[in-house]
Amino acid sequence: MRESAAPARDRPAATALGSVTLVGGGPGDPGLMSLAGREAIEKADVIVSDRLVPHAVLSWAGPDTEVVDVAKVPHGRFTPQEQINRILVDAARAGRHVVRLKGGDNFVFGRGGEELLACAEAGIPARVIPGLSSALAVPAAAGIPLTHRGLTQGFAVVSGHVAPDDPSCTVDWDALATSGLTIVVLMGVRQLAAIVERLLAAGMHEGTPGAVIADGTLPSQRVVRARLADLAARADESGIGAPAITVIGPVAELELVR
């Protein structure tokens with residue numbers, strides 16, 4: 001007689017595969033986060049969070065939700081991207097529903113593409129809930145339209161993380177200088193003087209309006225405006241630090257909200 005299989009209750013239960021949801025946390029004000037993003041946080045088993053996430057939104061999580069801080073602090077504590085990918089995949093393989101929470105939008109300098117690829121390679125179900133990028137929201141909060149009839153017909157969003165003359169820089173600053181587009185620079189506070197110098201050398205007029213906006217959308221928001229030639233010095237004198245957004249172009253002279 002063939003031995004019967006053990007009752008299902010006596011077998012080790014197979015762990016159901018979890019999932020990963022990339023959630024954009026918006027520019028800083030918790031009220032600017034999407035309803036879909038809030039719902040994902042409320043249902044999450046694990047939240048993998050960065051330093052620029054509006055911390056108030058973590059209060060929406062359940063009491064048993066695990067929060068993993070993988071902040072990348074400039075010139076400080078740093079979590080390698082490969083380690084973050086492993087955290088997402090391992091938690092989902094353990095049957096947990098994981099929210100990868102980033103400030104702004106995960107696909108605008110948020111490495112969301114790398115994280116989705118890691119999930120796909122591991123066979124982990126994943127989805128994206130877009131966030132409001134600081135590149136758009138912060139100038140708007142300061143009353144600066146990135147496009148304006150008669151002034152500019154477009155804008156370019158670029159990283160200022162490395163100086164224009166750094167071998168790893170892939171931004172064509174010379175082309176931007178003569179493009180007629182509004183230039184929006186993220187992560188560019190430390191390199192602002194070098195960026196300004198390069199734009200001037202490439203032919204951008206020294207009187208071009210510029211603005212640096214710190215703590216955008218928050219009660220502590222500050223805006224420094226100056227002509228391009230003086231912008232870096234004015235920002236430094238004002239003690240502007242990261243996170244801050246720089247806007248360069250005729251629209252930076254506008255102040256449509258106060």
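The model is predicted: local features need pLDDT of at least 70 and side-chain atom pairs count only at pLDDT 80 or more, while totals for chains, interfaces and linings use all residues. Residues are numbered from 1 along each chain as its sequence is written, and side-chain values use heavy atoms, with hydrogens and water left out. Across the whole structure, 10 salt bridges are found (a side-chain nitrogen of Lys or Arg within 4 Å of a carboxyl oxygen of Asp or Glu).

**Salt bridges**

- R100 pairs with E115 in a salt bridge whose closest N and O atoms are 3.0 Å apart. This pair links distant parts of the chain, with R100 in strand β4 (residues 97-102) and E115 in helix α3 (residues 112-122), 15 residues apart. Helices (H or I, at least four residues) and strands (E, at least two) are DSSP runs, numbered from the N terminus.
- R100 is buried at 0% relative accessibility, and E115 is buried with a relative accessible area of 0%. Buried means under 20% relative accessible area, exposed over 50%, and partly exposed in between (1.4 Å probe, protein chains only).
- A network of salt bridges links D50, R100, K102 and E115.
- K43 forms a salt bridge with E39, with 2.9 Å between the closest N and O atoms. Both K43 and E39 lie in helix α1 (residues 35-43), 4 residues apart, about one turn of the helix.
- K43 is exposed at 58% relative accessible area, whereas E39 is partly exposed at 39%.
- R111 and E114 form a salt bridge, the closest N and O atoms being 3.7 Å apart. R111 is partly exposed at 41% relative accessible area, and E114 is partly exposed at 38%.

**Helix α6**

- L192, I195, V196 and L199 are buried in helix α6 (residues 192-201). Seen down the axis of α6, the buried residues fall within an arc of 100°, so they line one face of the helix; the arc is that of the directions from the helix axis to the C-beta atoms.
- E197 and A201 are exposed on the other side of α6.
- G203 follows α6 and has a positive phi, near 110°.

**Surface patch**

- L32, L132, L136 and F155 make a nonpolar surface patch of about 310 Å². Such a patch joins nonpolar side chains (Val, Leu, Ile, Met, Phe, Trp, Tyr) within 5 Å, from residues with over 30% relative accessible area and no salt bridge. Accessible areas come from the Shrake-Rupley method with a 1.4 Å probe.
- L136 lies in helix α4 (residues 134-141) and is partly exposed at 41% relative accessibility.

**Cysteines**

- The structure holds 0 disulfides (pairs of cysteine sulfur atoms within 2.5 Å).
- C119 is buried at 1% relative accessibility, and C169 is buried with a relative accessible area of 16%.

Technical notes. Patches are made of residues with over 30% relative accessible area and no salt bridge: like charges are joined within 9 Å, nonpolar side chains (Val, Leu, Ile, Met, Phe, Trp, Tyr) within 5 Å.
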